[in-house]
Amino acid sequence: MEIFQNILNALQFGSFYALIALGYTLVYGVLRLINFAHGDIFMVGAYIAYFLAVTLIGATGGFNVGLHVSPAVALAITVPVTMILTALVGVTLERTAYRPLRRKGANRLYVVITALMAGLVLENGNLALLGATRKRFPDLIDKVVWNIGGVAVTNLKVVVIVAAIIVFAMLQFIVTRTKIGMAMRGISYDKFAIPLMGIPLDTIIVVTFVLGSGMAGLAGILFAMSYPILEPYMGALIGWKAFIAAVVGGIGDIRGAIVGGFLLGFIEIGVVAVFPSTLRDLFAFSVLLIILWLRPTGLFGVAETTKI
Amino acid sequence: MQKKVFTIGLFACIVALVALAQFHLLDDYYLSVIMFMGVNVILAASLNLVNGYMGEFSCGHGGFMCVGAYVSSLCTVLMFSKNQMLGAPLLPPQLAFIGLPIALFIGSMAAAVAGLVVAIPSFKTRGDYLAIITLAANYIVISAINNMEFVGGPRGFMGMSATVRDMENMIDLPWMLIFVLLGMVFTIWILRRFVSSTLGKGVPAICQDEIAAEIMSVDTNHMKLIAFMLSSGLAGLAGGLYAHVLGYVNPQSFDIMRSTEVMVMVYLGGMGSLSGAAIAAVSYTVLMEALRFLDVWKWVVIPLLLILLMQFRPEGLMGNRELSDFFPKLRKYYSFK
């Protein structure tokens with residue numbers, strides 16, 4: 001029975017990785033830019049969710065506006081508002097940091113450095129503004145545990161896994177079946193010819209950032225509900241792990257992100273089941289190294305050919 | 001004769017600094033800032049070989065520094081100090097003068113071997129993916145050390161100060177300052193010789209165009225191997241010196257933050273400029289000390305600084321030029337390229 005429990009946990013972890021990895025992969029697929037700040041956008045999402053939830057249910061720690069909404073209603077408001085606000089953070093980042101560089105036609109390296117630094121600014125800005133005390137996310141839904149043949153299934157785990165699969169299906173639909181998705185794929189193919197076809201480049205890029213950051217916000221809420229301790233550096237490591245997931249799956253491909261996310265979840269839980277849990281990161285990063293070594297483009301990735 | 005002026009002046013400066021420290025004209029705070037400056041110069045100059053001259057994006061320099069720091073510390077602790085896990089000192093304290101350089105050398109070699117982890121995948125991958133590999137290498141090193149109980153795991157490792165004490169008991173001089181300054185001069189010297197040599201010309205050639213370089217008979221894989229191993233080996237030297245200056249190391253001090261710091265120095269100084277890297281490392285260290293009052297905000301200001309740098313002057317302070325391009329008269333005394 002333990003094995004089924006582990007599989008369930010792996011699916012839950014994998015869902016978080018997949019949700020964040022989708023954001024990496026969307027932005028990379030369109031802009032060929034690794035948005036290193038994405039893990040921190042996830043962290044910002046979790047904090048936004050925290051402040052919204054606390055303010056709505058009137059607990060201490062938020063802004064005291066005298067609201068005492070019931071937890072279920074608070075959750076119903078928190079989810080969409082957090083996704084919108086987190087998307088705004090992502091778009092702001094794109095407009096202030098990445099777009100000026102793109103307009104100048106700067107070397108990709110400079111954009112990558114900017115992204116890394118933007119992540120550090122978000123992390124440490126949070127630390128400086130809110131202090132090092134950890135925040136406790138309020139319980140918005142009652143935990144229900146179903147015991148199915150010895151496997152403890154909580155409602156939250158089911159919600160997380162279902163959310164990841166729905167988001168995947170939705171994004172896959174958007175990217176492969178809609179006009180906007182077609183424009184996204186077009187931009188990744190040729191950034192210079194696409195504006196000539198009458199496609200608004202900046203709008204499409206903003207839509208990409210909205211989708212990616214919105215999903216990071218969703219992941220932030222779900223993560224905060226599952227592991228209710230928030231701290232400024234929570235986004236860094238999980239962001240890197242999600243990034244590994246995206247790369248392992250083949251960055252730029254939606255299916256790759258979801259497969260990579262679940263694969264990483266299974267690897268981590270598998271390692272913890274056999275070895276001491278401190279070795280988890282070692283294995284996760286070693287797997288990344290080996291996969292990149294053997295298959296530099298990831299599982300679903302296609303090698304880019306450069307013309308001489 | 002004029003070319004010698006520079007070398008003589010340099011060593012005169014070192015002697016002057018050591019004398020100042022010896023007669024306690026510099027207080028310990030300034031002394032330690034100078035030593036960290038030296039370590040930072042080594043780090044920035046060595047990363048500049050890969051990130052600047054070769055145009056790759058390596059963001060795991062802290063990992064190699066960590067390998068160097070731990071291996072050389074382990075050597076000196078084995079040789080000269082009593083440790084619960086590793087037993088009594090193997091060698092008499094008189095040998096500390098030979099022991100420390102050997103330990104630093106072994107640390108550098110170990111770091112260079114660790115550089116292989118990045119060098120070999122770099123044959124096939126480039127750009128973003130290679131950046132990830134270097135980053136993963138950094139995390140792997142930190143994670144591995146965290147799991148090694150005999151070097152203290154996450155609690156850190158100490159006992160290196162016994163070696164420095166041994167040396168100071170024998171001859172009373174600020175030995176770590178001397179070693180750091182010599183290490184710094186050695187690093188700059190070896191990097192300048194390498195980059196301006198016929199063999200080393202292959203490194204900027206890879207930066208310009210890898211395929212073209214290969215057609216022009218540059219053995220790119222070989223060049224990458226040399227560049228990565230040299231760079232990580234020198235980072236290991238910096239790590240060894242850092243460990244012996246502090247007398248204590250812990251894995252967290254070599255994480256991604258450290259790597260970012262070194263990257264900031266390289267991009268601040270300008271890619272492909274040795275004097276730029278040195279100037280940036282010195283001014284960055286001074287800036288860090290000056291901004292100490294900002295406390296937590298320091299880590300907001302520094303990344304912001306780099307973002308602004310990328311927006312408005314992406315080539316850094318010096319670009320790929322050396323000091324002599326700004327002050328042509330210096331060329332009389334020293335050939336920078």
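Q: What is the area buried between chain B and chain A, and what share of it do carbon and sulfur atoms give?
A: The model is a predicted one. In it, the area buried between chain B and chain A is about 3,700 Å², and carbon and sulfur atoms give 78% of that.

Q: Why is an area used to describe an interface?
A: Because the size of an interface is often given as the accessible area lost when the parts come together.

Q: How many residues of each chain are in contact with the other chain?
A: Contact requires heavy atoms within 4.5 Å. By that rule, 36 residues of chain B touch 45 residues of chain A.

Q: How many salt bridges and how many polar contacts does the rule find across this interface?
A: For salt bridges the count is zero. For polar contacts, the rule finds five residue pairs, both residues being at pLDDT 80 or more.

Q: Which elements of chain B give two or more residues to the side that touches chain A?
A: They are α5 (128–146), α11 (256–269) and α13 (298–312) of chain B. The largest share, ten residues, comes from α5(B). The residues of this side of chain B divide into 28 nonpolar, five polar and three charged.

Q: What makes β2 and β3 of chain A a pair of strands?
A: Pairing needs at least two bridges. Strand β2 (residues 145–148) and strand β3 (residues 151–154) of chain A have four, in the antiparallel sense, so they count as paired. In β3(A), A:Val153 is the bridge partner of A:Trp146. The hairpin has two residues between the strands, and A:Gly149 takes a positive phi near 55°.

Note on methods: Residues numbered from 1 in each chain as written. Chains lettered and ligands numbered in written order. Predicted model: local features only at pLDDT ≥ 70, side-chain atom pairs only at ≥ 80, totals over all residues. Heavy atoms only, no water. Buried area = accessible area lost by both parts, 1.4 Å probe. Salt bridge = Lys/Arg side-chain N within 4 Å of Asp/Glu carboxyl O. Polar contact = N/O pair within 3.5 Å; in protein donor to acceptor, adjacent residues only side chain to side chain. Nonpolar A, V, L, I, M, F, W, Y, C, P; charged D, E, K, R; others polar.
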